[in-house]
Amino acid sequence: MKRNGAVDFWKFLYAAVIMCFHSLYFAGSEKYYFYDGANMVEYFFLVSGFLMAASVLKSDPANTPVWKNTWQFLFHKIRSLCPEYYVAWAISFIMKQTAGGLLPLRKICKHAVQCIWELLFLRMAGFNDYNANGATWYISAMLFAMLLLLPFFYMFRENFLHLFAPVICLVTLGYLYSVGGTLRGNTDWMGFCYKGLLRAIGVLCLGSICYIVCQKIKEVPLTCFAKILLSFAETSGYLFALYWTFGHATSKMQFVILLLFAVSVTISFSHQGFFACIYDNRICYWLGKFSFPLFLSHHAWSGKMNRMFPNDSYAQLFPKYVLLSVATAVSVYLISAFLRKLYQRWQTPLFRLFLRN
């Protein structure tokens, strides 16, 4: 699918909000930026659910078994996360073992062994031990939720979109609303799974529903006035989420913001808004690509700032934290680009080393 500039722009902005939100780990009793920044994750789940639906409906189910379609989709998804996922993990692991003082070798080795589940994307499957990078819960929840949903999606395409997805979405999100009134707490054990997994399942299904609505909007010939109204609704949803997240603590308003996100994401993907073409430029496309390294990289620092600068206030720590996070994200981006080119260059010789033909 061609890149969508609006989606890419807001991906970057919300990744930056999540970075600011995680400054809570060194804020102590001081007020920190974006009190409820955790709900920005819903935007990424929605986009992933939308793209999942688009991919499934474009595939040819005639000659390919469901299990093969499912694993091909997941392997392609994992491949798109690499090598950034592992580069960011390695940097975060090194920082956790060394920032503020080198940990004993015995403890470093123990942490390295415990991270096996994180490296295999299995945190939200229940294998949640020591984690080098806090952001990996999202990747694990997304992949595990897709593994559960995709077989049914491939088997019952139209029924899944129009019936199963709405039911699953309402049941999971309604359950989370009733038991806690919040989507936060991704590692809270719900008796049978982590809260983050239910969160991922519900919002991925909502993203799939957004795909249906988006296709309907694309079919309608809209006037210039109608496109202006769509752009207003799209931007208002995004901006209200920023406004509420900045100055308000976690509450049931998260679910309202999720609905606003669903509306805005649908409009963004429809490309029917009046300002849609303005977003479609190289800068927005690059920001979208950079959002993933930024999302993965700031966890290397958020929990270590007090240890590294024990006498600094939050006001002094925050700019250092942002600079270190952005610098780490740039490093992840550049190292990943280098490794990708290196792999493309040596892919054939590597295969010949292990495979006969």
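Visitor: Where does Pro83 lie?

Guide: Pro83 sits in the loop between helix 4 and helix 5 (84-98). A helix here is a DSSP run of H or I with at least four residues, numbered from the N terminus. This is a predicted model, where local features need pLDDT of at least 70, side-chain atom pairs need 80 or more, and totals for chains, interfaces and linings use all residues. Residues count from 1 along each chain as its sequence is written, and side-chain values use heavy atoms, without hydrogens or water.

Visitor: Is the peptide bond from Cys82 to Pro83 cis or trans?

Guide: Start with the general idea. Most peptide bonds are trans, and most residues other than glycine have a negative phi. The bond from Cys82 to Pro83 is cis, with omega near 5°.

Visitor: Which residue has a positive phi although it is not a glycine?

Guide: Look at Phe34, with a phi of about 60°. Find Phe34 in the loop between helix 2 (24-27) and helix 3.

Visitor: Now packing. At what angle do the axes of helix 14 and helix 17 cross?

Guide: An axis is a line fitted to C-alpha atoms over the stretch in contact, and angles run from 0 to 180 degrees between N-to-C directions. The axes of helix 14 and helix 17 come within 8 Å and cross at roughly 115°. Helix 14 is therefore roughly perpendicular to helix 17. The cut-offs: under 35 degrees is roughly parallel, over 145 roughly antiparallel, 65 to 115 roughly perpendicular, the rest oblique.

Visitor: Which residues of helix 14 and helix 17 make the contact?

Guide: Contact means heavy atoms within 4.5 Å. Helix 14 brings Trp286, Lys289, Phe290, Pro293, Leu294 and Ser297. Helix 17 brings Ser325, Val326, Thr328, Ala329, Val330, Val332 and Tyr333. By class, this contact of helix 14 with helix 17 has 9 nonpolar, 3 polar and 1 charged residues. Ala, Val, Leu, Ile, Met, Phe, Trp, Tyr, Cys and Pro count as nonpolar, Asp, Glu, Lys and Arg as charged, and the others, Gly among them, as polar.

Visitor: Is the crossing of helix 1 and helix 14 left-handed or right-handed?

Guide: Left-handed means the near helix is turned anticlockwise from the far one by less than a right angle; clockwise is right-handed. Helix 1 and helix 14 cross left-handed. The partners in the contact include Phe9, Phe12 and Met19 of helix 1 and Leu287, Phe290 and Leu294 of helix 14. The classes there are 12 nonpolar, 3 polar and 2 charged. The axes of helix 1 and helix 14 come within 7 Å and cross at roughly 30°. Helix 1 and helix 14 are therefore roughly parallel.

Visitor: How do helix 1 and helix 11 pack?

Guide: Helix 1 packs on helix 11 (residues 224-247) at about 5°, with the axes 12 Å apart. Helix 1 and helix 11 are therefore roughly parallel too. Ala6, Trp10, Leu13, Tyr14 and Val17 of helix 1 meet Glu234, Tyr238, Leu239, Ala241, Leu242 and Thr245 of helix 11. Their classes are 9 nonpolar, 1 polar and 1 charged.

Visitor: Last topic: pockets. How many residues line the largest pocket?

Guide: On a 1 Å grid over the protein atoms alone, a pocket is an open set of points where a 1.4 Å probe fits, with protein on both sides within 12 Å along at least five of seven lines; lining residues have an atom within 4 Å of a point. The largest pocket has 43 lining residues, and Arg3, Lys11, Lys77, Ser80 and Leu81 lie nearest its centre. Helix 3 gives the most to that lining, with 9 residues. The lining of the largest pocket holds 24 nonpolar, 9 polar and 10 charged residues.

Visitor: Which residues lie nearest the centre of the second largest pocket?

Guide: They are His22, Tyr25, Gly134, Asn186 and His299, out of 27 lining residues. Helix 1 and helix 15 (299-302) each give two or more residues to this second lining. Helix 15 gives the most, with 4. By class, the second largest pocket is lined by 11 nonpolar, 11 polar and 5 charged residues.
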